[in-house]
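Subject: Structure handover

Hello,

Here is the structure for you to look through. My notes follow below it.

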Amino acid sequence: MVRLGRTADARTYGQLLAAAALAVVAMLLLFAPGATAAAGAVPPPAPAYVPQSLLDAATANPDQLFRVIVQGRPTASASGVEAPVTQALTALPATGDGVNDTFSSINAVAAELSGDQIQLLAGSSRILAITPDAALRASVLDPPVVLEPPVVTGAAETGGLLSASTGQWSGAQATYTYQWQRCDATGACVEVTGAVDSTFAPTADDLGSTLVVFVTATNGDGTATSSSAPTVVVAAPAPVAQIAPPSALSSPIVTGSAVAGETLGVDDGIWSSTTLAFSVQWQRCSAAGDACVEIPGAVKPTYTLGPEDVGFTFKVAVTGTDALGSSTAVSAATAVVSAAPAAPAPTPPTELTPPVLTGTATAGQTLTADDGTWSGVVVSLTRQWQRCLADGTCVDIPGAVASTYVLGAGDVGSTVRIVVTATDGSASAAAMSAATSVVVDAAPATATVTVDPGTTGVTGSTGGSGTGGTGGGLSAPQAPPTNLTLPTADGTPVAQSDLTATPGTWKGDDALQYAYSWQRCDATGGGVCSPVASTQTYTLSSADVGSTLQVLVTATDNDAQVGTATSAPTPRIAPYSPSGFWSWQLGPYAANVDAQWTAVAAAQAKPPAIAVVDSGVDPNLPGLDGTVTDSVSLTTLPQRTAADGYGHGSFVAQVAAGHAKGNAGAAPTASIVSIDVMDDDGMALTSDVVAAADWIYTHKSVDNIGVANFSLLGSSRTSVNFDPLDRAIEQLWLSGVVVVTAVGNYAVNGAVSDVPFAPANDPFVITVGASDPADTASPSDDFAAPWSAYGHTPDGFGKPELGATGRYIVENVPTDSTLYTSRPGAVVGPGRMQLSGTSFAAPLVSGIAANLLALHPTWTPDKVKGALMLSAAQPSAATGFALGVGVVDAAAALGVVDPPNANAAIDQFVVPDPAGGATPIFDTASWGTTARADASWGTASWGTASWGTASWGTASWGTAYWSAASWGTASWGTAAWDAASWGTASWGTASWGTASWGTDNANADVRPLAAFPARWAP
């Protein structure tokens, strides 16, 4: 695969301008009908397939550039496709045209071609199809995005007529509006009032200016604007011979900003003579633009405004002189000169983190404060300790301005905080710490009272010497035990492990007796806690999973006085897992993935890498550290340099192979290969996704790629006969890579939507729909998400094959990504989002497939697909075949020893590559002939096994779907199919996508209160 820039000039390919005439002749011979066949020979192949809407647009806009993918016939090599494209570029050159990509896995190139070039190339006998380089998206919305800007054609002169095309756009069906603008020599442009049509006739007002048209595309998902390149400078028709002194055809123009300190310049305007000498004179005028006086000495082409010019306007008089005389023209007045803007007010430092206090809130103890962290340049810091009363009133403590403070008796009963003030030399800002807990008095010294039996006096001691009154010799009771440091629960918080209580430290008798009470609390450590054991050591059970535990310690002294203290809650108790992986979420357990975790660990097997073709993967997120072993960016659309500017790819990667504690993905020991094909809004071009498949094809051995996940969807209804993305992923499949795709989120209330978009429409790959596990791990009550697409492809294949959990999934995303910043309602914690979609059901299946390959490294993609379909669980609550043959069951798939070939029926049409490539191809022509001739072929030969509770071939692909009547035409490539497949009949009035493409019905599928299905709920 050769990756070039966005455009490539024809010179890139080595053509010489002097050979242009010969090239035209060569092209005429190359494309002429019958040029390669003698009389009576076999007729040449039919013309290339070009969607009628694209062909109509190319005919109507011959100078407009279109981003397209050109595919060769099966016998043509990649270079055999590039050659006629290069010849078309040479024969009919256009500004900005060129070949952008040359692919290696399929015989195709991506290019920017003019309408003329497309019409010429469509007649080549070596070309199979020319299709739009259409948009694909990960999810969410589909606003218009310009692929090629509008083009202005016509004469840029007074009395002429200019015409504008709409340009080329992706996105849901759009409407277009126009606005012409007039631009001066500096490039500054202003709108031409009323010029809102696709055509524009220049007038004398436009002389000396260039003209630009802005086209605004609007659909239900948004609005975007693109501008044409500027025209040449508008000129008047050739002037008649001059017989008088020169005259100005357009007035001079003052350039620059009318602000004190700025410099004004002059555009001399357009004159009737071409051999002029110019002189200038600057004038200072009243605010109204009249009462002008010449400024002495201001005769240079520039004038710098000073404070004395504020409140005035300025004009410039330009005098043109030639052999026939002189004349003077005066510009319009500038705006009123304003004073230079004042310097911005100083910005004080900004608190980033507040000060933090450490120490014990007890009289006599020392509190220590840090200063917090600040932005900006901090010159000095001052501190002030404050004492706060119960009503929240705080007052400064005199003299308490150090970073430490010793609590005194005056602080008892109050709370204490510190206020830190940062100064940068010009401004200040203050930040305060959180207040301490209420300050308590220090524990009093132990007092001993003795009664002398021979007297009535009492002697007392507080630790020193002294004599009390007379009394008896009885001892006063000792204070009950007091806890000094809390008890702890030591051990690993995992089911089947032991926790041991330590009592902490206490003040009281030296011989205290301790009793223990273990209590089970909710996941946060709060709520109602229930006692579960009274031993010092407690063995955690499965009943504790998802809860926290605390231990209540009772200390008893020799006088039977007691004190109690409770430990801090433990972390949430994790389930026991032989593999060491688990998840708090329900999805992996609804698919029984934990059985695969155990099996892979027991076998000490290593899954192959999973290629995630998406928006990139951020390796710094929790659970992805060390997982991303290779990454590449192939998008030709503008984006930031972030690892994942959209956020979708990182989310997908964690579902497939995250390894964070409590958030394991389906294959937590698999590595991820990140292939970025999307911009920061989640849009990709078909050519970039084909390039990703190309990259996987050439790097699969180096990076040990066994599975490729495509959680994205095309925008054009298409057929496997002509779609380049379908061809590219078929090459991956047939070369040994399991390809998993998302079916899409555009169904409405569970109704049949059909599946017309690539790559989900391809019959070879595993297409996945989204199931809802109904908050249980059992598949019996699962149902299809109401927005999960299903039905038949335009070629008659049933989709999806499988379902997997795709609702209310929580993962980490970069906090600066578009998903995180644009959808605050889906944020459930710092850096964590809850999202729904088939985009997230697909990677669950990708991870399960990777685990199967770890255990069965010789399995082909057909066998992996067969094992998953054969073992799928049947959800009784799901609409028939809305989730294919059923929801994926990873545990049941482990029991499949010799899986059937799920693609047996279409594998009979897989043939050696006629162009000599190492990987066979799907012979769509032979398949189409068979399907049209024998409408029952799918029923009779599709499957060799019973898929779930019904024969997948019989139930999903009845004979009606293979009939010519169902297709609407007897043959692919006719005009009747063309209009149905590729959108509207007029390229200039709508984009090629369908109206439903912009609707992602999973977009707002967020649970109230950000809850999500949990496997382990206390």
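Where is P800 found? P800 sits in the loop between β57 (798–799) and β58 (802–805). Strands here are DSSP runs of E with at least two residues, helices are runs of H or I with at least four, and both are numbered from the N terminus.

Some background. This is a predicted model, in which local features need pLDDT of at least 70, side-chain atom pairs count only at pLDDT 80 or more, and totals for chains, interfaces and linings use all residues. Residues are numbered from 1 along each chain as its sequence is written, and side-chain values use heavy atoms, leaving out hydrogens and water.

Backbone

The peptide bond from K799 to P800 is cis, with omega near 0°. The bond from A758 to P759 is cis, with omega near 0°. P759 lies in the loop between β53 (738–742) and β54 (766–772). N592 is not a glycine, but its phi is positive, near 60°. Look for N592 in the loop between α5 (587–590) and α6 (593–602).

Helix packing

Two packed helices are described by the angle between their axes and the distance between the axes. Axes are lines fitted to C-alpha atoms, for helices over the stretch in contact, and angles run from 0 to 180 degrees between N-to-C directions.

α6 and α11 pack at about 30°, with axes 10 Å apart. α6 and α11 are therefore roughly parallel (under 35 degrees; over 145 is roughly antiparallel, 65 to 115 roughly perpendicular, the rest oblique). Their crossing is left-handed (the near helix is turned anticlockwise from the far one by less than a right angle; clockwise is right-handed). V593, Q596, A599 and V600 of α6 meet L844, I848, N851, L852 and L855 of α11. Contact means heavy atoms within 4.5 Å. This contact has 7 nonpolar, 2 polar and no charged residues (Ala, Val, Leu, Ile, Met, Phe, Trp, Tyr, Cys and Pro are nonpolar; Asp, Glu, Lys and Arg are charged; the others, Gly among them, are polar).

α7 (residues 648–657) also packs on α11 (residues 838–855), at about 40° with axes 7 Å apart. That makes α7 oblique to α11. The crossing of α7 and α11 is right-handed. H648, F651, V652, V655 and A656 of α7 make the contact with S839, F840, P843, L844 and G847 of α11. By class, the contact of α7 with α11 has 7 nonpolar, 3 polar and no charged residues.

Best wishes
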